[in-house]
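Colleague: I should like to learn how to read the features of a structural model in an orderly way. May we go through one together?

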Amino acid sequence: MKNLGRIVSLSASTTAVIDALGATDRLVAVTKDCARLTPVVAGIPLVGDCWSASADEVAAFEPDLVVGAAPYRGEVVAALVERRLRFLATAPWTLSEVFTDMLTIGAALERHDEAFALVEGLRSRMEEIRRAVADRPRPRVYCEVWMKPVMSSPLWVSELVDAAGGEMVIEGARVLEPEEVVDADPDVVVMAWCGAIGRSDPAKFAARPGYGDLRAVREGRVVPVRDEYLNAPCQHLATGLEILAHTLHPEVFGDLPTALAPERVRRVDR
């Protein structure tokens, strides 16, 4: 197998996985968003992502492997393939697919053991948390990934909510009619707006027509979370799981530590 000594990563989540596998030294180019998830890559040359990258700029780094994650723009993928660049594309929907992608990247980099340990660590923690809340009431949860249009979180977030002892009331990573959230009337709302660092404000959520009367708003259980902890299909989902566990069952896990919520948890005052 060819030694994959030069890697270009076109997504923040794949860069994070490569770092977790101990192969950051092989990265010759990353995207502008990668350093937010993986600070150690700051200073590595930048290219576009899977939506904006130029095949010429990627090829200029003479990569042995290009890795990316959805969303993709067809023209970008076609151009990479036409240049005969070896391209590993990930597009997970479920946690099982997230784990498979981690193992696939590990196999490509010949870091099998590290990838297996990464996946098994998250699986093990999920089961520990699941057992800890097995006999507890299950709060009804709504997780939001975007606000205009309103969009529910990825399917793997529903699985994390389930492991953390909750019941997701709206699934599917899909665009919603705002009334669907009103009708669902969740006990807890988790705001993980994609890329909206510091702007996932519960007051903005509560200001939507009809949302002020939601149980989650009335009881001050609208919680903003940094989006990479729930939206990036990489090892950061372990942190997202911990945040959900503390948020849904503080009687078991205690209050949410500040270190787990750099977005700063803010309550809605009525």
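This is a predicted model: local features need pLDDT of at least 70, side-chain atom pairs count only at pLDDT 80 or more; totals for chains, interfaces and linings use all residues.

Colleague: Let us begin with the strand. Which way do the residues of strand β8 point, and are they buried or exposed?

Modeller: In a regular strand, side chains alternate between the two faces of the sheet. In β8, which covers residues 188–191, Val188 and Val190 point one way, while Val189 and Met191 point the other way. All of these residues are buried.

Colleague: Which strands pair with β8?

Modeller: Strand β5 (residues 140–147) runs parallel to β8 and is joined to it by 4 bridges. Strand β9 (residues 222–224) also pairs with β8 in the parallel sense, over 3 bridges.

Colleague: Turning to the helices, which residues of α7 are buried, and what covers them?

Modeller: In α7 (residues 155–163), the buried residues are Trp156, Val157, Ser158, Leu160, Val161 and Ala163. Their cover includes α5, α6, β5, β7, α11 and α12. After α7 comes Gly165, which has a positive phi, near 90°.

Colleague: Why may α12 be called largely enclosed?

Modeller: Buried means under 20% relative accessible area. Of the 12 residues of α12, 10 are buried, so the helix is largely enclosed by the rest of the structure. Among them are Leu237, Gly240, Glu242 and His246. Its length can be checked as well: at 1.5 Å a residue, α12 should span 16 Å, and its end C-alpha atoms are 16 Å apart, which agrees.

Colleague: Finally, where does Gly106 lie, and which residues does Gly106 touch?

Modeller: Gly106 lies in helix α5 and is buried, with a relative accessible area of 0%. Leaving aside residues up to four places away in sequence, Gly106 touches Leu21, Arg111, His112 and Ala115. Gly106 and Leu21 are 85 residues apart in sequence, yet 7.0 Å apart in space, C-alpha to C-alpha.

Technical notes
Residues are numbered from 1 along each chain as its sequence is written. Side-chain values use heavy atoms; hydrogens and water are left out. Buried means under 20% relative accessible area, exposed over 50%, partly exposed in between (1.4 Å probe, protein chains only). Helices (H or I, at least four residues) and strands (E, at least two) are DSSP runs, numbered from the N terminus. Two strands pair if DSSP finds at least two bridges between them. Contact means heavy atoms within 4.5 Å. The expected span of a helix is 1.5 Å times one less than its number of residues.
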